[in-house]
Amino acid sequence: MKMKLTVKDLLAVGLVMILSFPIMYFAVLYATGNLRIQIGPKELTPAEEMKLAVMRQSERRDSLAMVHSKTFNALKKEREELKRERERLSNQQEQLAIVDSELEEKKEQLTQRKSELEELVEETDELSRKRVGQLAKVYGAMRAEEAAQILETLDDLLVARVLSAMSDNRQKAKILSALSKGKARRISQRIEKGV
């Protein structure tokens with residue numbers, strides 16, 4: 001008897017072989033004890049339960065460590081910012097101290113300069129009074145008509161000062177009467193106001 005194999009038969013045999021291989025493989029593993037089939041949750045041994053508890057605790061510790069690490073980094077960053085702010089404020093205080101000392105120096109210089117100027121003004125006033133006094137003596141010694149001719153050409157303020165500095169009232173009156181009426185009136189008003 002001769003068997004004739006068709007393509008169809010070959011395909012069927014190949015399909016049976018392909019499908020039966022995994023079943024046969026798992027059957028061999030089960031028979032040798034390398035594969036166990038368990039229905040429901042797996043029961044853990046005490047050692048496995050300990051490992052699982054340690055893993056859960058380490059996960060929790062890791063998450064807490066991560067939170068603490070973020071908090072620590074935030075605090076560290078804030079400290080650095082505070083340190084930079086303190087340094088900036090310290091620099092500003094130093095600059096303000098420098099400006100304050102410069103202002104004090106300028107104030108002292110201005111005070112000194114003011115006192116020098118006041119002394120110069122006093123000296124100038126004193127010299128001016130001396131000159132006016134000397135002029136008053138000179139014009140007081142002159143004849144009234146001659147003195148009036150000269151005083152007619154001078155500034156009203158100076159003439160009023162010169163006449164005020166004269167001690168002899170008669171000479172003053174003679175000189176005023178010898179001046180032109182307009183000049184005499186202006187000088188009299190100035191003398192009345194206290195020059």
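**View 1. A buried pair: Lys183 and Asp156.** Lys183 is buried, and Asp156 is buried too. This is a predicted model. The two side chains form a salt bridge, with 2.9 Å between the closest N and O atoms. Lys183 belongs to helix 6 and Asp156 to helix 4, so the pair ties together parts that lie 27 residues apart in sequence.

**View 2. Helix 4 crosses helix 6.** The axes of these two helices come within 9 Å. They cross at roughly 65°. The crossing is right-handed. Which residues of helix 4 meet helix 6? They are Asp156, Leu157, Val159, Ala160, Leu163 and Ser164. On the side of helix 6, their partners are Lys183, Arg186, Ile187, Arg190 and Ile191. Sorted by type, the residues of this contact are six nonpolar, one polar and four charged.

**View 3. The largest nonpolar core.** This core holds 16 residues. Tyr139, Leu151, Val162, Leu163, Met166 and Ile175 have the most contacts inside the core. Which helices each supply at least two of the core residues? Helix 2 (46–141) does, and so do helix 3 (144–153), helix 4 (156–165) and helix 6 (181–193). In soluble globular proteins, nonpolar side chains tend to be buried together.

**View 4. Val162 and its contacts.** Val162 is among the core residues with the most contacts inside the core. Set aside its neighbours within four places in sequence. Val162 is then in contact with Val132, Leu135, Ala136 and Tyr139. Tyr139 is also on the list of core residues with the most contacts.

View 5. Arg129 and Glu126 form a salt bridge. Their closest N and O atoms are 3.0 Å apart. How many residues apart are Arg129 and Glu126 in helix 2? They are three residues apart, which means a separation of about one helical turn. Arg129 is exposed, with a relative accessible area of 52%. Glu126 is partly exposed, at 35%.

View 6. Glu145 and Arg143 meet through their side chains in a salt bridge, at 3.9 Å from N to O. Are these two residues buried or exposed? Arg143 is exposed, with a relative accessible area of 53%. Glu145 has 46% relative accessibility, so this residue counts as partly exposed. Glu146 joins in as well: Arg143, Glu145 and Glu146 are linked in a network of salt bridges. The count for the model comes to seven salt bridges.

**View 7. Ile37 in a loop.** Where is Ile37? Its place is in the loop between helix 1 (7–32) and helix 2. Ile37 has 68% relative accessibility, so this residue counts as exposed. Now look along the sequence to Lys77. Ile37 and Lys77 are 40 residues apart in sequence. In space, 56 Å separates them, C-alpha to C-alpha.

Terms used:
Residues are numbered from 1 along each chain as its sequence is written. This is a predicted model: local features need pLDDT of at least 70, side-chain atom pairs count only at pLDDT 80 or more; totals for chains, interfaces and linings use all residues. Side-chain values use heavy atoms; hydrogens and water are left out. A nonpolar core is a set of buried Ala, Val, Leu, Ile, Met, Phe, Trp, Tyr and Cys residues joined through side-chain atoms within 4.5 Å. Buried means under 20% relative accessible area, exposed over 50%, partly exposed in between (1.4 Å probe, protein chains only). Helices (H or I, at least four residues) and strands (E, at least two) are DSSP runs, numbered from the N terminus. Contact means heavy atoms within 4.5 Å. Axes are lines fitted to C-alpha atoms, for helices over the stretch in contact, and angles run from 0 to 180 degrees between N-to-C directions. A crossing is left-handed if the near helix is turned anticlockwise from the far one by less than a right angle, and right-handed if clockwise. Ala, Val, Leu, Ile, Met, Phe, Trp, Tyr, Cys and Pro count as nonpolar, Asp, Glu, Lys and Arg as charged, and the others, Gly among them, as polar. A salt bridge is a side-chain nitrogen of Lys or Arg within 4 Å of a carboxyl oxygen of Asp or Glu.
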